[in-house]
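Please keep the sequence and the three-dimensional view at hand.

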Amino acid sequence: MSVELLTALAVFSFVSAVTPGPNNFMVLAAAANYGMRGAAPVVAGVCCGFVFMMTLIGLGLIRLFTAFPVTYTVLKTASIVYLLYLSWKIATAVLPGGGDGGRPVGFLQAVLFQWVNPKAWVMALTAMSAYRQPSDSIASVFVVTLVFGAITVPSVTAWALLGTQVRRFLTDARRMRVFNVSVAVLLVGSLYPIVFD
């Protein structure tokens, strides 16, 4: 892969990974509610899950959607239902000191979330379509995945750090509730492109 193509891939990866979307809102909410330690499994799950999904897509999983178009409709419906559930979970998160052991989304949930995250699908499909080299398909799949993974880790971590900074201002239950509901509304808003596709 040429230097120019690698540079373009890195820029695309950064813009895709750092801009607002379901993963980043989920990480932001986890860090704001539970601190960096509570958000760490979410960050790790997002990064590992996305890299794994992207690798499988690059190695040929996308052919399933071509062969069976109904799978796209099933994925779209599952994405909408799960994002609505996740929004509800964030909006009704147990406030610190609430006493009933509330916890953020875990590592495995964050890994599995990638499979119903519409932005993750768009990022992975676009990256593989635009940057995978047909002449060296398997090697280029791993290059694209490696670049995306290397950029996703600090991008998602930055959202967690932002959440820890926001946490300092969420000093009472009312502010925390307003924040959680606001993030949940933003997450529901992220459904707009797939609902009206």
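The lining of the largest cavity is made up, by class, of 6 nonpolar, 6 polar and 1 charged residues. The model is a predicted one. The volume of the largest cavity is about 100 Å³, and the count of cavities of 30 Å³ or more comes to 1. Of the 13 lining residues, Ser16, Ala17, Asn23, Asn24 and Met123 are the closest to the centre of the largest cavity. Two or more residues of the lining come from each of helix 1, helix 2 (22-67), helix 5 (118-131) and helix 6. Helix 2 contributes the most, with 5 residues.

Rolling a probe the size of a water molecule over the atoms shows where empty space is left.

**Helix 1 and helix 6**

Two packed helices are described by the angle between their axes and the distance between the axes. Helix 1 covers residues 3-18 and helix 6 covers residues 137-167; the two pack at an angle of about 35°, and their axes are 9 Å apart. The crossing of helix 1 with helix 6 is right-handed. On the side of helix 1, the contact is made by Leu6, Leu9, Ala10, Phe12, Ser13, Phe14, Ser16, Ala17 and Val18. Helix 6 brings Val143, Val144, Val147, Phe148, Ile151, Thr152, Ser155 and Trp159 to the contact. By class, the residues of this contact divide into 13 nonpolar, 4 polar and no charged.

**Residues of helix 6**

Phe148 has its place in helix 6. Is Phe148 buried or partly exposed? Phe148 counts as buried because its relative accessibility is 0%, and the cut-off for buried is under 20%. Apart from neighbours within four places in sequence, Phe148 is in contact with Leu9, Phe12, Ser13, Ser16, Phe50, Met54, Met123 and Ala127. Between Phe148 and Phe12 there are 136 residues of separation in sequence, while their C-alpha atoms are 8.8 Å apart in space.

Ser155 also belongs to helix 6. With a relative accessible area of 4%, Ser155 is buried. When neighbours within four places in sequence are left aside, the contacts of Ser155 are Phe14, Ala17 and Val18.

Phe142 is another residue of helix 6. Which residues does Phe142 contact, leaving aside its neighbours within four places in sequence? They are Thr55 and Leu59. Phe142 and Thr55 are 87 residues apart in sequence, and the C-alpha to C-alpha distance is 7.0 Å.

Leu6 is part of helix 1 and counts as partly exposed, at 32% relative accessibility. Beyond its neighbours within four places in sequence, Leu6 is in contact with Met1, Val143 and Val147.

Tyr131 lies in helix 5. Its relative accessibility is 13%, so Tyr131 counts as buried. Not counting residues up to four places away in sequence, Tyr131 touches Met1, Leu5, Ala8, Leu9, Phe12 and Val144.

**Separations in sequence and in space**

The table lists pairs of residues with their separation along the chain and their C-alpha to C-alpha distance.

| Pair | Apart in sequence | Apart in space, C-alpha to C-alpha |
|---|---|---|
| Phe148 and Phe12 | 136 residues | 8.8 Å |
| Phe142 and Thr55 | 87 residues | 7.0 Å |
| Leu6 and Val166 | 160 residues | 34 Å |
| Tyr131 and Thr171 | 40 residues | 45 Å |

Definitions and conventions: Residues are numbered from 1 along each chain as its sequence is written. This is a predicted model: local features need pLDDT of at least 70, side-chain atom pairs count only at pLDDT 80 or more; totals for chains, interfaces and linings use all residues. Side-chain values use heavy atoms; hydrogens and water are left out. Axes are lines fitted to C-alpha atoms, for helices over the stretch in contact, and angles run from 0 to 180 degrees between N-to-C directions. Helices (H or I, at least four residues) and strands (E, at least two) are DSSP runs, numbered from the N terminus. A crossing is left-handed if the near helix is turned anticlockwise from the far one by less than a right angle, and right-handed if clockwise. Contact means heavy atoms within 4.5 Å. Ala, Val, Leu, Ile, Met, Phe, Trp, Tyr, Cys and Pro count as nonpolar, Asp, Glu, Lys and Arg as charged, and the others, Gly among them, as polar. Buried means under 20% relative accessible area, exposed over 50%, partly exposed in between (1.4 Å probe, protein chains only). On a 1 Å grid over the protein atoms alone, a cavity is a set of points where a 1.4 Å probe fits but cannot get out, and a pocket is an open set with protein on both sides within 12 Å along at least five of seven lines; lining residues have an atom within 4 Å of a point. Grid points are joined across faces, edges and corners, and a volume is the space filled by probe spheres set on the points.
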